[in-house]
Amino acid sequence: MQMQSISSIITQIRTTIGQVPPPVVGASVTLLNNKVYVFGGRLISSRQLTHRLSILDLTTLVWTQHTAPQSPSPRYFHSATVYQQSNQQSKQQSILFFGGMGYTSEQDDTLCVLNDVYCLDTATLQWTFYSPTSNLPSARYAHLSSVMEDTLIIMGGQDITNNYIGEMNLFDLKHKTWTHTKAFDKHVGAYRSVAITAPPGTRLPMLTKDTMSEDTPERDLPTHSPFQATSTCPHHHGKRVSLARHYGQLIQGARDPSPIYLYTNYNFADVRRELQLVLSPTAATSTLEDCSSYMSGSQLPPGLRFPTGHILGYHMVLAGTYLSPQTHAYSLWSLNLGTLTWTRIETGAMFTTGAWHRGVLEEVTNRFIVFGNKDRDLLEDYNHRQMNFDHIATVDLEAFGVYRLPQLTCSSLAQEMGLSLLNEPAVSDFYILTRENHSIPVNSAVLAQRWPYFAEILRTSRSKASSDRKEKNKEDKEDKEDKEDKEDKEDKEDKEDKGDKGDKGDEEDTCLFQETGLSSHGLVFPYPSTVVVAFLQYIYTDNLLTAQQYQPHILSQLLLLSDMYSLSRLRELAAHALHQMLNMSTAPLIFETSALSHQTSLQIRALKMMIAAKKMIQQQQQQQQQQQDTLHPSSAYTRTRTCSSPITSPSSARPSSLVPTNSSPSNGRHSSLPLPVAMPQLSMYSAIYTHSYSTDPPSPHPFQDTGDAILPPAPHPTQRTHSNSPSSSPSFLRPISSSYTLPQDPMSSSSFSPQDRSSLQDRSSLQDRSSSSVSSYKGKKDKVPTKPKKKDSKIKPFLGVFGNKLSMFQ
């Protein structure tokens, strides 16, 4: 059986078919609505410029070609930018093309630079030429472009003599006119720079500026220069214009100017990196904030040629060609926009072979798509600036914590009103019964609106009840007509019989509700009250906003419920929250939950966290072992001899204590591990193993035995053997708690939830583990921990039933 590595799950290479574009130089590549648009370029085969438009459907991977009479003239090294225009009637999506290098005329092959603007309607594939007559910008190629609201922004580029153009030009897309030309003293271009507009709600760096405060509107910025260059003050948090909080993170507020992130790398032999924020770029005057000195990370990006940049969630994704004497590869990096910390996106060996040159971001699926040819040589193609489109390589960015954020669906006021409505029994006509028999009054209309499964069973139940009621009334009417002429005594008996039949009808209604999971006014939801309340809070607010909802074990249950009942909004919110709280302590819980809920990206990220934690523990153990051997070389020799004999019978295994001891070997057969020199340092790492499973054996991990040094599943508490062989795990690495709440101090009795404390009374092994005294084991016989009473913790994808217990709702 061939093992599958983690990198092979994160990355994939696929072959495109159809009318594949030929190899070209300087073509534009744009992704919009699950389609990739490749326009223009210079053909490698004939060295002629083209204005061919090729479209790739990412679902079928089939290329099609289009050539319209109104298309722009042939060109290359132009810019292509997505423009989404929101109208009251419809939402039009198009691509804006500007400049580049082309021919002076159709008959003349002499090259020239261009400054025209074209618009492609992606719905109809119709071209529109914009022909303003005033404030025309300098013609250029290899420039940067971005769209902010209804303004096209052109930055930098080079002229026909390859000199950099120090201008920023603004084009009003509503009035189709050039409005401003600003001096921009920066050498930026497509060869070494990227310019990305921050979408609304983007996380801003935790850096501040002296020149801006909450009372300083855009019109009050200095006007003596188109750009007011400033440097950020070091770490004066909380002084930006109007930082808002979005899912627990600081984001751009409504009054903040949307910035453009401008990243530049140059001098590739000794690379230099610059990061500026262009604030208020569409205003008459703008501010340039230099953040270059605040970029950090264990590794920084190398010099990337022809880079591309995108903003996804809290990160900026940077990609480009990396060439050095030792390495020829396509490289991906992410920048945390809040901390300005760089992280390399490890894609394995996929981009170390083949020729990969241009990448685009598919925001909906959190995938990065790179075009190239897996069989060609990167250096050879780069020297000719050749782009290939035979293959695409996809990278799952969510596995690296880079993903699209959940969108806000309602205001904070609406969320508060929803919580108030949940706490108001007067507007309730239904109730939910939890596993602890706690009754929670709710409004059935709200649940039916937000919970499709509830709406379906409620509709089915009421439909059946109505049909049976009609049949019963029809039978009663016929019986009444047949018995009208009988005597008074018989009529009296008929009335009594009729009453008995009425009681029988009520019983039939009750049976009907039991079949569909409902009583006439109630529903059994077999989950703890804390989980049910958190779920109802989501139903009433369409968000996760309370402290109770943001507990790891509650979020895990909510993610499972979202998968069980196909609640995509809840799945997105819960997965995002678990991404944010993923650490060494919560990784095992998140790994199991994501595996059960089919969240592969979250599962892989949790798995990598567990692998990293295991490596850190092993390194620390080796360091401590070396220290012990250095201080006590004779004990190392003795330990090697005494640990060589394995335990022959599980019944002779001693219950492992949480605190390693320096006690002498028992009967000369096996010895305990020595007490670590720096035990407190291990607590934060060993905490990841404090999570254990239910009394049922854990299911096999999907990534077990993959060749990536995957952690094996934790052994069942009743099936552990305590071997003192060198390969056995020390006692502080073994699971010690059945609670999903992972405390900082695993020895504390408060580390268990109230539900678990009662079950712990029957677990003698856990009682021994929680003891702070090691001497309690002296003089006692070796015992195997007794098997705890099984506790049903399986997911129950069904709804229980109860009768009409609350008569006030009837």
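Me: How many aromatic pairs does the structure hold?
Reply: This is a predicted model, in which local features need pLDDT of at least 70 and side-chain atom pairs count only at pLDDT 80 or more, while totals for chains, interfaces and linings use all residues. Residues are numbered from 1 along each chain as its sequence is written, and side-chain values use heavy atoms, with hydrogens and water left out. Rings of Phe, Tyr and Trp (its six-membered ring) pair if their centres lie within 6.5 Å; planes under 30 degrees apart count as stacked, over 60 as edge-to-face and the rest as tilted. Aromatic pairs in the structure number 29.

Me: Which class of aromatic pair do F39 and W127 form?
Reply: The ring centres of F39 and W127 are 5.2 Å apart, with 50° between the planes. Strands here are DSSP runs of E, at least two residues, and helices are runs of H or I, at least four residues, both numbered from the N terminus. F39 lies in strand β5 and W127 in strand β13, so the pair ties together parts that are 88 residues apart in sequence. By its plane angle, the pair of F39 and W127 is tilted.

Me: Are F39 and W127 buried or exposed?
Reply: Buried means under 20% relative accessible area, exposed over 50%, and partly exposed in between (1.4 Å probe, protein chains only). On this scale, F39 and W127 are both buried.

Me: Which residue lies over the face of F400?
Reply: A charge sits over a ring if NZ of Lys or CZ of Arg is within 6 Å of the ring centre and within 35 degrees of the ring normal. The distance to the ring centre of F400 is 3.9 Å, and the residue is K608.

Me: What is the relative accessible area of T321?
Reply: T321 lies in strand β26. T321 is buried, and its relative accessible area is 2%.
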